[in-house]
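Colleague: I would like to learn how to read a model like this one. Could we go through the fold and then the ligand sites?

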Amino acid sequence: MTRLVLVLGDQLSEDLSALRMADRKTDIVVMAEVEQEATYVQHHPKKIALIFAAMRKFAVRLRADGWEVRYCELDDTANSGSIPAELLRRAEETGAQEVIATRPGEWRLITLLDEMPLTVHQLEDTRFIASTREFEAWAKGRKALRMEYFYREMRRKTGLLMEGDQPIGGQWNYDHDNRKPAPESIDISGPLRFTPDAMVQEVLDLVEARFGSSFGELRPFHFATDQGQAHHALAHFIRYALPKFGDFQDAMLSDHRFLYHALISPYLNIGLLLPLEVCQAAERAYFRGEAPLNAVEGFIRQILGWREYVRGIYFLEGPEYTRSNELGHHRALPDLYWGAETRMRCLSNAVEQTREEGYAHHIQRLMVTGNFALLAGVNPAEVHDWYLRVYVDAFEWVEAPNTLGMSQFADGGVIASKPYVSSGSYINRMSDYCKSCHYSVSKKTGEGACPFNLLYWHFLDRHRALFDGNPRMGNMYGTWDRMDADRRKTVLDEAEDFLDRLSKGQTV
Ligand code: FAD
Ligand code: DLZ
Ligand code: SF4
C-alpha cells in the first residue's frame, strides 16, 4: 500500500528519518510550497527564497535517486495552501491512508499533523546529535539545566576533541582565550557567495512578487541552495575564518558584517549540512594543525553544545514556553526595530544589516538588539515575533529559547543564570559603533548620555526583588548602592524620560 512521505522545507536531508523509513519503490514523497508556512509570520524574503529554492533542488535530487516526488509550487493552481491540505489532496490522488513524517521543529505544525484525519507517523528527527528523549533523561532531576554540563555529555558521547574520557588540552572550555575586542582590520572577505542560477532566479521573482513588501531585502541573494554548495561554504569557513573564530567571536565592526563567523546556521537549520559532520570537519582542521584549539573548541561548542541544548529545552518546555514573561514586560516593540530612525548607532547598524542580509551574528542579537529590548522592558512575545521574522536561520525550536530564554530572561532562568544586560561600555569595548554615535558612551547622565547607561540601572533597580539574591549580580547591585542617592535619582528620572519618549514613538 502506498504511503505518503512528507518532506518539509527545513528537512532537506537525504538521511531524514522519514525517507529512511519509507520505500522508494512504493511510497510517494510530498513536498509543497504553501501560503500557510510562508505567512505564519512575515518571514524575511531571503528566508522564503532560500527555502523554496533549496526545496526545488532537493526534489530534483530525490527524483534522480529514484523517488516519486509530488511537488507543488506556490503558484500552482491546485495548491491548497497548507501542509495538511496538501497531504489530504495527495492522499485522495493516490489512495494513500498513511503519512510518514519526521517530527517538525515547531509545536504549531506538530499539532496540525496530529489533528489530521490520516494516520501520520511523526518520527524522531535523527539529524540532531541528542534525541529529545536523551535530553529529557539528562534534564531529569537536575535543579539547573546549564548548557556547559550538557555539552560535556555530548563531547563524551561523540568523542569530539576527546582523549579517552578527558577533553583534549585538559579543559572543556577555552572561552577565556576568546572574546577579544574588535580588531583594527579583518583579513577575509566574508562567507562564500553563490551566484543565483536559473532555478534560483525563478524563485526570486516569485518571492519578490508575493512577499516583496515584507521587512527585508531580497536581493542581492547569495546563499547556497543545495548540499554541494553548502559544503563549499563550510570548507571556505574552515579554511579562512575558523582559525580566528574564537578570538573575535564577540567582536562587532560596522564595515564587517560577518567577521570570522560561519554563516552556516541557515544550511544547518534546513538540513543541507548536518551538525555532526560540521563539528567533525572543524575537528579535522585542529588535528591537521590548521586551526587552534580555542577556535575549534569554541566553534564545536556552539553546535554540539548550544544548538543541541536549545532544541532540548524547546521540546522539554512544551508549547507554552513561547508565552513566558517572567519579568512582566509589556512595552510595545519600538519602531526602530523596523528601521525607523534612531540616533543609537549600534541599533541602527544591527537593524540595517538585518534588513539587508537577514543575518546578524550572535553578539549583535544578544547584546545589541536583545539587550536593548530587555533593558527597555519590551513585551517578550513581540521580541520573539521579531526574531522569528527577520533572520534567515529563524525556526522556532532554535529561535524561541535563544530569544525568550537566553536574551529576554522571560523564562525566569531556565537557560540563563542571570540576565544578559550591559551598559554602553560593553558595546564600546567589543565594537566600533560608539565612535560614530550621536550619544556619548562615556556619559552616564545628562544631554547626550548613552541610553544603555541609563537603562541598565533602571532595569536592575526595577527588578531588584528578583535579582538581589543572585550571587552573580552582587557586584552590579554593590556599584549601584555605592552611588549617592541624588545620582541614582537622576539616572532613574532620565531613564524614565527616555522610555517615555520611546513609547511615544519619538526618535531616540
Ligand atoms: P557562528 O557564530 O559561526 O556559529 C556557528 C554555528 O553555531 C551557527 O551556525 C549555529 O548553528 C550554532 N550556534 C551558535 N550559537 C548558537 C545558539 N545560541 N543557539 C543555537 N545555535 C547556535 N540561531 C539560529 O540558528 N536560529 C535562530 O533563529 C536564532 N535566533 C537567535 C536569537 C537570539 C536573540 C540570539 C541571541 C541568538 C539566536 N541564534 C539563532 C543563535 C546565533 O545567534 C546564530 O546561530 C548565529 O548567529 C548564526 O550565525 P553563524 O552561522 O555565522 O554562527
Ligand atoms: C519556513 C518555511 C516556509 C517559509 N515555507 C515552507 C513551505 O512552503 N513548505 C514547507 O514544507 N516548509 C516551509 N517552511 C518550513 C516550515 O515552516 C517548518 O518546517 C516548520 O516551521 C517547522 O520547523
Ligand atoms: Fe550604542 Fe551607546 Fe555606543 Fe551609541 S554610545 S553606539 S547607543 S552603546
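**Fold and ligand shells**

Modeller: This is a predicted model. Of the contacts in the chain with a separation of 6 or more, 74% are between residues 24 or more positions apart.

Colleague: How many helices and strands does the chain have?

Modeller: The chain has 22 helices and 7 strands. Its radius of gyration is 24 Å, close to the 23 Å that the globule rule gives for 508 residues, so the chain is as compact as a globular protein of that length. Along the principal axes, the C-alpha atoms fill a box of roughly 80 × 55 × 45 Å.

Colleague: What share of the residues counts as buried?

Modeller: A residue is called buried if 20 or more other C-beta atoms lie within 10 Å of its own. Here 46% of the 508 residues count as buried.

Colleague: Now the ligands. Which residues come nearest to ligand 2?

Modeller: A shell is read by its residues, then by the elements that supply them. Around ligand 2 there are 17 residues, with Leu8, Gly9, Glu37, Gly105 and Glu106 nearest. Two or more residues each come from α2 (35–39) and α3 (45–64). By class, this shell has 10 nonpolar, 3 polar and 4 charged residues.

Colleague: And which residues are closest to ligand 3?

Modeller: Cys346, Gly424, Cys434, Cys437 and Cys450 are the closest of the 14 residues that surround ligand 3. The elements giving two or more residues to this shell are α14 (345–357), α18 (424–430) and α19 (451–462). The largest share, 3 residues, comes from α18. The shell around ligand 3 divides into 11 nonpolar, 2 polar and 1 charged residues.

Conventions:
Residues are numbered from 1 along each chain as its sequence is written. Chains are lettered from A and ligands numbered from 1 in the order in which they are written. This is a predicted model: local features need pLDDT of at least 70, side-chain atom pairs count only at pLDDT 80 or more; totals for chains, interfaces and linings use all residues. A residue is near a molecule or strand if its C-beta atom, placed from the backbone, lies within 6 Å of it. Helices (H or I, at least four residues) and strands (E, at least two) are DSSP runs, numbered from the N terminus. Ala, Val, Leu, Ile, Met, Phe, Trp, Tyr, Cys and Pro count as nonpolar, Asp, Glu, Lys and Arg as charged, and the others, Gly among them, as polar. The radius of gyration is taken over C-alpha atoms; the globule rule is 2.2 Å times the number of residues to the power 0.38. A residue is buried if 20 or more other C-beta atoms lie within 10 Å of its own, exposed if 12 or fewer, and partly exposed in between; C-beta atoms are placed from the backbone. Two residues are in contact if their C-beta atoms, placed from the backbone, lie within 7 Å.
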